[in-house]
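Work through the exercises below with the structure open beside you. Try each task before you read its solution.

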Protein chains: 2
Amino acid sequence: MSAKKKIKYEEVSLKKIKEIGLKLLKKIEKGEGIYLEIPIRRLSNIVFDKENKKLILGEKIAKRYFLNVAHSKRFMQTLLVLSFCKTLLEEDERVSLREMFYSLKRTLPNSKENTFDEQRESDAALVDVELILDVIRERLNIGADPKGNVVGNIVIKDSLFGHEINLSKLGLGGWAIPSNVEHIEFKKVNADKVIVIEKNAAWERLNAHMFWKKWNAILIGTKGQAARGARRFIQRLNQELGLPVYVLTDADPYGWYIYSVIKYGSINLAHVSDRLGTPEAKFIGVSMTDIERYKLQNWTIKAKEFDLKRAKELMNYEWFKHPKWQKEIKKFLKTKRKAEIEALASKGLKFLSEKYLPQKLKEEDFLP
Amino acid sequence: MSAKKKIKYEEVSLKKIKEIGLKLLKKIEKGEGIYLEIPIRRLSNIVFDKENKKLILGEKIAKRYFLNVAHSKRFMQTLLVLSFCKTLLEEDERVSLREMFYSLKRTLPNSKENTFDEQRESDAALVDVELILDVIRERLNIGADPKGNVVGNIVIKDSLFGHEINLSKLGLGGWAIPSNVEHIEFKKVNADKVIVIEKNAAWERLNAHMFWKKWNAILIGTKGQAARGARRFIQRLNQELGLPVYVLTDADPYGWYIYSVIKYGSINLAHVSDRLGTPEAKFIGVSMTDIERYKLQNWTIKAKEFDLKRAKELMNYEWFKHPKWQKEIKKFLKTKRKAEIEALASKGLKFLSEKYLPQKLKEEDFLP
């Protein structure tokens with residue numbers, strides 16, 4: 001890619017980095033001690049904002065001083081990452097966390113000290129940079145692993161390549177959601193909802209049945225836990241286009257957790273969850289009630305100890321305290337049976353696309 | 001999809017199933033005992049065909065009798081799967097292995113006996129069906145997990161949807177390779193080689209750098225071990241279009257194994273490896289020699305016991321007995337260091353696309 005065509009978010013991020021740099025420079029020129037201000041991201045500083053239904057960071061801020069022996073290595077690492085991000089944005093390059101680590105790892109001259117010894121150090125420094133700049137890493141051109149597919153009545157534009165991509169003309173495969181979707185623009189949108197599906201096989205068959213066409217839906221397959229690129233894509237469809245989002249997972253604690261992460265993000269990522277979560281998302285199934293309603297009992301699986309433990313933990317999550325979810329989780333703890341999306345295939349291969357989902361959508365039978 | 005538009009391979013598979021069914025029916029009508037003839041797929045019947053460089057099954061065949069108590073359950077299961085495949089092909093449906101299991105699992109009337117208790121039983125029955133019909137499961141419309149992306153100067157046609165898809169117009173994401181590519185046709189091909197890449201990040205950056213355009217290559221990202229759909233796609237590009245295939249993996253035993261599976265298939269899948277393997281594939285890197293040549297030593301990782309054990313096993317694989325590979329593996333066992341593709345990022349973010357791969361291609365510096 002040419003280094004000249006810069007995408008708008010790249011300009012904004014670059015400006016923020018330069019501001020930090022200039023501020024430090026001025027302090028140095030004045031002979032003052034330099035430090036970085038970093039919002040604290042420990043659990044003690046993470047708050048569930050009930051009104052906006054988001055996990056957010058509290059007000060606590062830490063100062064990291066260059067001239068404090070306990071801070072100076074981390075200070076250097078943070079600046080190295082800041083500087084690396086500047087280069088990425090200037091040169092319109094994109095890397096993974098692992099590549100950033102390799103790019104920055106070296107031995108300091110005349111010493112045995114490495115800039116970074118392990119990837120978790122550069123990862124942590126990047127989180128600090130995200131906090132300092134108040135920008136997600138994708139807007140610094142550092143992506144997570146790409147995972148997830150999408151089809152539907154929508155034309156997107158990839159502004160990196162200038163390609164217009166019609167997501168209703170991509171056959172059985174669909175478009176592979178990249179690690180970073182910040183440069184994607186939504187052009188023509190004819191869909192009125194988004195359905196997110198945990199399992200590949202269900203996504204693929206819904207695509208083959210052209211469910212997206214009949215039901216005017218954008219179908220996103222997450223292949224298990226949704227990657228950051230997919231979550232951001234879902235969020236943008238919801239927030240920028242106002243499309244409702246419905247999530248279909250297995251009827252088990254892992255499925256609920258996948259839903260939870262799409263909705264609110266994980267606690268680890270509290271500082272970015274407002275950017276990656278879709279609080280308005282609803283759970284379309286498979287619910288514990290569905291198991292009875294659709295007589296799936298013979299196709300359920302015995303829960304493991306691990307599942308039961310997980311379910312009890314989830315019961316205490318703020319957003320699972322809704323009575324409907326409490327009922328759901330209690331039902332699971334009582335029956336100790338879980339069901340996969342694929343269990344719906346026992347009712348026929350067209351059951352999911354022609355009966356189950358249409359009924360759910362018509363009756364608005366969702367969990368909050 | 002309409003049940004009327006049938007794809008050619010579906011017709012062929014359907015015909016084979018009907019022939020088996022009719023043969024059994026005739027025997028029953030004559031009052032003869034019925035059985036199925038199934039090629040044996042134990043290691044004792046797996047041969048490495050040196051001339052064609054393929055793992056193939058030997059001549060040994062087992063008979064499975066309906067009226068033998070030890071055989072009859074398995075006989076029933078095999079027929080259930082055969083019959084299920086017939087339905088899939090007739091109705092142009094596509095399922096995963098897991099969905100097939102759910103579709104077929106039920107309790108036999110007036111008994112406590114299930115058709116299938118666990119998925120491994122229906123999986124095994126399907127392998128028998130593949131052997132009986134001499135057809136890969138994809139041609140029975142049963143796919144594995146979809147995984148892998150592709151971009152490049154090629155237009156494909158998805159005959160299930162009738163979509164023509166230009167793989168050079170799909171932005172950063174690319175086309176997601178589906179679980180089944182039997183219905184894909186190659187239309188306009190302007191590429192002259194295929195490069196298969198183990199790691200997402202490297203695939204994505206090569207795409208962003210438009211390496212595929214400059215080097216006239218089709219870029220396939222496998223995201224680790226290549227899924228069946230991706231392997232079949234690679235094989236078809238090689239066999240039907242005559243394109244050479246180069247595989248880029250980490251410099252470690254797991255990377256070599258990924259290469260080995262793309263090239264020859266795994267022993268488990270010997271009966272289909274001739275359909276899913278690409279014996280002509282070459283290894284483009286990262287090689288142990290590259291570590292020295294490109295001074296990557298400081299970015300290598302200490303091998304674990306597990307790696308060393310695996311390397312010793314690989315040394316005995318027929319296709320790693322080539323002197324070049326023996327040298328490569330011995331170098332690893334001596335240095336006990338491995339290197340990831342991402343380590344190339346230590347030489348700059350354009351190193352892979354502008355120096356490493358071009359040099360390898362120009363010098364034809366490949367391992368067999």
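**Exercise 1.** Find the domains of chain A and state how far apart their C-alpha centres lie.

*Solution.* Step one: the domain assignment of chain A, which is automatic or from a database, gives domain 1 (8-143) and domain 2 (149-363). Step two: the C-alpha centres of these two domains of chain A are 33 Å apart.

Before going on, note the ground rules. The model is predicted: local features need pLDDT of at least 70, side-chain atom pairs count only at pLDDT 80 or more, and totals for chains, interfaces and linings use all residues. Residues are numbered from 1 along each chain as its sequence is written, while chains are lettered from A and ligands numbered from 1 in the order in which they are written.

**Exercise 2.** What confidence does the predictor give chain A and the complex?

*Solution.* Start with pLDDT, the predictor's confidence in each residue, from 0 to 100. Chain A averages 92, and 96% of the residues score at least 70. Then take the complex: the ipTM is 0.91 and the pTM is 0.92. Keep one caution in mind: where pLDDT is low, predicted coordinates should not be read in detail.

**Exercise 3.** Describe the contact of chain A with chain B.

*Solution.* Two residues are in contact if their C-beta atoms, placed from the backbone, lie within 7 Å. On that basis, chain A brings 40 residues and chain B brings 41 residues. Next, look at the elements, which are DSSP runs numbered from the N terminus: helices (H or I, at least four residues) and strands (E, at least two). Helix 5 of chain A gives the most to the side of chain A that touches chain B, with five residues. Last, sort that side by class: 19 nonpolar, 10 polar and 11 charged residues. Here Ala, Val, Leu, Ile, Met, Phe, Trp, Tyr, Cys and Pro count as nonpolar, Asp, Glu, Lys and Arg as charged, and the others, Gly among them, as polar.

**Exercise 4.** At what angle do helix 8 and helix 11 of chain A pack, and which residues meet?

*Solution.* Axes are lines fitted to C-alpha atoms, for helices over the stretch in contact, and angles run from 0 to 180 degrees between N-to-C directions. Helix 8 (residues 253-264) and helix 11 (residues 305-315) of chain A pack at about 35°, with axes 9 Å apart. From helix 8 of chain A come A:Pro253, A:Trp256 and A:Tyr257; they meet A:Asp307, A:Arg310, A:Ala311 and A:Leu314 of helix 11 of chain A. By class, this contact has five nonpolar, no polar and two charged residues.

**Exercise 5.** Why is one side of strand 9 and of strand 11 of chain B left without a neighbour in the sheet?

*Solution.* Two strands pair if DSSP finds at least two bridges between them. The open sheet has three strands in the order 9-8-11 (chain B), with antiparallel pairing. Strand 9 (163-166) and strand 11 (184-189) of chain B stand at the edges with a single partner strand each, so one side of each has no neighbour in the sheet. The twist averages 25° from one strand to the next. Now check one pair: four bridges join strand 8 (residues 154-158) of chain B to strand 11 of chain B. B:Lys157 stands opposite B:Glu185 in strand 11 of chain B.
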